[in-house]
Amino acid sequence: MEFETSEPPTPHPMETDESLPPPSQDPPRIHRLDESVVNRIAAGEVIQRPVSAVKELVENSLDAGSTSIHVSVKDGGLKYIQVSDDGHGIRYEDLPILCERHTTSKLSEFEDLQSIKSMGFRGEALASMTYVAHVTVTTITSGQLHGYRVSYRDGVMEHEPRACAAVKGTQIVIENLFYNMIARRKSLQSSADDYPKIVDLLSRFAIHHKNVSFSCKKHGASTADVHSVAMSSRLDAIRSVYGVSVARNLIKVEASDANSSSSIFEMDGLISDANYSAKKTTMVLFINERLVECTALKRAIEIVYAATLPKASKPFIYMSIILPPEHVDVNVHPTKREVSLLNQEVIIERIQSTIELKLRNFNEASMYQEHYFKAVDSSPVSKVAANKASPISTSTSGSQKVYPHKMVRTDLQDPSGRLHAYMQVKPSRHLERNCGLNSLRSSIRQRRNPKETADLTSVQELINEFEHGCHSGLLDIVRNCTYVGMADDVFALLQHNTHLYLANVVSLSKELMYQLVLQRFGYFNAIQLSDLVPLQELIMLALREEDPDPEGTENDDLKGKIAEMNVKLLIQKAEMLDEYFGIHVDPQSNLSRLPVILDQHTPDMDRVPEFALCLGNDVEWNDEKVCFQTIAAALGNFYAMHPPLLPNPSGDNADFYKRGVDGKVNIPGGVDDELISEAENAWAQREWSIQHVLFPSMRLFFKPPTSMAANGTFVQVASLEKLYRVFERC
């Protein structure tokens with residue numbers, strides 16, 4: 001059966017010409033980009049992946065003279081990165097400009113680049129992180145009694161530095177990396193996890209900086225994937241990080257040139273011999289103490305191995321090259337991954353020749369040794385001696401595979417085989433009591449989400465619900481609106497393009513807090529209450545407020561029993577509330593800490609009784625997902641920006657504050673000035689928080705649900721186009 005195929009008809013030339021728009025005569029205008037756009041573009045170049053951020057922070061720690069650096073990572077670095085060191089710290093007076101672009105202590109003039117010895121110099125890394133993530137810095141310098149903690153966004157401090165307890169050095173936390181670069185974040189989430197790259201990065205630093213101890217682990221993990229202590233030799237450092245199988249097959253190599261007319265450099269390193277076998281080349285290269293890549297040098301060394309040792313053509317290479325600072329241009333790559341060398345071809349050729357000679361000499365020596373031992377082993381005497389010496393085969397041939405369950409870790413030179421590497425600090429009695437509970441929780445997490453034990457899939461499902469249920473039109477309004485002012489106690493006026501909207505501040509803040517609780521699940525800073533607050537009293541207060549006859553005492557016994565039951569329930573759930581939500585209830589049933597959900601915002605403490613009752617009554621504890629959802633909703637309602645309980649003095653409630661000479665309310669003759677001042681402060685603080693905290697945070701984090709388009713949260717009250725039509729009629 002045949003089918004006829006016909007080409008689509010070619011359009012007539014005249015028809016084609018008419019359908020095309022006339023060519024533009026004027027060239028496009030050149031305009032200056034907004035500073036925020038420039039900063040975000042620059043940040044995307046400097047911080048390309050989570051491993052880029054870790055590299056910059058570790059280099060800063062090394063520049064600070066640290067002897068101990070610890071890295072903790074969650075979700076491959078997209079959700080959480082923490083780098084702690086014991087360096088000299090950051091001065092208090094430098095904190096305001098710490099994260100501004102091009103602020104640095106490494107140089108002051110361009111000529112300083114000619115002799116730069118530090119790894120950082122541009123002053124761009126921390127600034128770039130603040131434009132694509134949420135950055136918190138905790139630091140203390142020598143001689144200070146306490147440290148300081150401050151958060152940064154878009155290069156500036158979000159609040160004044162706050163005094164806090166701190167250990168020597170600096171701790172920098174990066175959260176929600178690339179939260180405002182959706183395409184970058186999605187591509188990283190869909191690609192392989194960056195955590196192996198971070199582990200590889202720390203391993204490279206650890207073998208070069210042998211006098212510094214490094215550790216790297218996943219957030220919440222009990223053991224580190226990289227753990228090195230200060231070593232006396234480079235070989236010990238490699239043995240500690242990469243294992244005995246690598247360290248025992250390395251040979252030392254050195255090269256130098258002092259001819260000023262050609263090149264001046266010194267190189268020392270360790271390269272693998274013929275017994276080393278791997279699927280890919282590992283090259284750790286430091287030039288003037290800076291971790292870099294050099295494709296030309298790597299390729300030159302691979303050529304030597306392929307020609308000299310064909311069976312070991314994928315080598316392990318550690319190399320440190322020292323040159324005069326003026327012979328190295330460190331400012332050739334946004335991430336400082338590459339450098340440019342003066343007389344680079346001459347240096348590479350000299351190193352290549354040195355390695356080739358070393359490998360040939362080693363190969364000849366190995367062949368001679370192999371022939372010698374074959375001759376000795378062929379004699380009967382040697383066989384008998386060998387059998388008497390050891391009944392166990394000690395062959396280390398690379399061709400014979402040794403299975404993990406048959407390995408014996410008895411090498412005294414291998415730090416990873418020593419007993420202290422497997423020792424743990426003896427837990428306190430409190431931890432011993434909770435050991436079973438913690439192990440059970442860990443196993444449950446692993447079953448729920450094998451990829452990341454610190455996350456719960458039920459929480460991720462709740463996050464996915466509001467992210468996928470986001471209303472695109474409302475999202476555009478929230479991201480691009482201008483705050484006009486408060487229309488009344490509940491509604492704010494917003495302008496978006498040519499439209500004016502009323503927005504319910506209480507509903508918006510409640511939903512924002514709910515979403516933030518789920519997004520920061522398990523990672524809350526704390527609000528320490530100045531006084532311990534008994535839960536029993538809080539719940540009793542809330543029950544009396546709900547009573548239609550608060551003066552009556554006939555139901556006090558019933559209220560007491562209800563309060564007692566709720567207190568017992570909350571004490572039972574205290575560990576979970578503290579670990580996941582930052583709500584701390586001590587064994588004496590006192591509320592002592594609350595979480596920080598939104599920076600620069602503290603909930604109305606007059607609503608604590610209502611919140612405590614809500615935790616006891618409204619939370620569904622039996623279903624995990626519903627439990628987390630209802631606790632997040634209770635926190636969202638508590639932290640929402642409700643109108644203060646005191647009436648607004650500037651509104652229609654001025655009579656509330658009148659008093660007579662006998663102190664009774666609503667009797668003409670006087671005004672309670674102290675009460676009015678308290679109310680005015682409360683209302684002014686609320687409006688400031690709405691303008692400077694709530695709406696800026698909504699632009700960054702908020703995903704308005706579809707229901708808000710129809711439930712009166714947003715109401716359009718005016719349109720400029722329609723107003724013009726009205727004026728035209730007039």
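**The largest cavity**

Author: By class, the lining of the largest cavity has two nonpolar, three polar and three charged residues; here Ala, Val, Leu, Ile, Met, Phe, Trp, Tyr, Cys and Pro count as nonpolar, Asp, Glu, Lys and Arg as charged, and the others, Gly among them, as polar. The model is a predicted one, in which local features need pLDDT of at least 70 and side-chain atom pairs pLDDT 80 or more, while totals for chains, interfaces and linings use all residues. Residues are numbered from 1 along each chain as its sequence is written, and side-chain values use heavy atoms, without hydrogens and water.

The residues that line the largest cavity are K79, Y80, H134, E175, N176, Q519, R520 and Y523. A cavity is a set of points, on a 1 Å grid over the protein atoms alone, where a 1.4 Å probe fits but cannot get out, and lining residues have an atom within 4 Å of a point. The volume of the largest cavity is about 100 Å³, counted as the space filled by probe spheres set on the points, which are joined across faces, edges and corners. Six cavities of 30 Å³ or more are present in the structure.

Of the contacts (heavy atoms within 4.5 Å) with a separation of 6 or more, 69% are between residues 24 or more positions apart. The protein has 23 helices and 23 strands, taken as DSSP runs of H or I with at least four residues and of E with at least two.

Key:
On a 1 Å grid over the protein atoms alone, a cavity is a set of points where a 1.4 Å probe fits but cannot get out, and a pocket is an open set with protein on both sides within 12 Å along at least five of seven lines; lining residues have an atom within 4 Å of a point.
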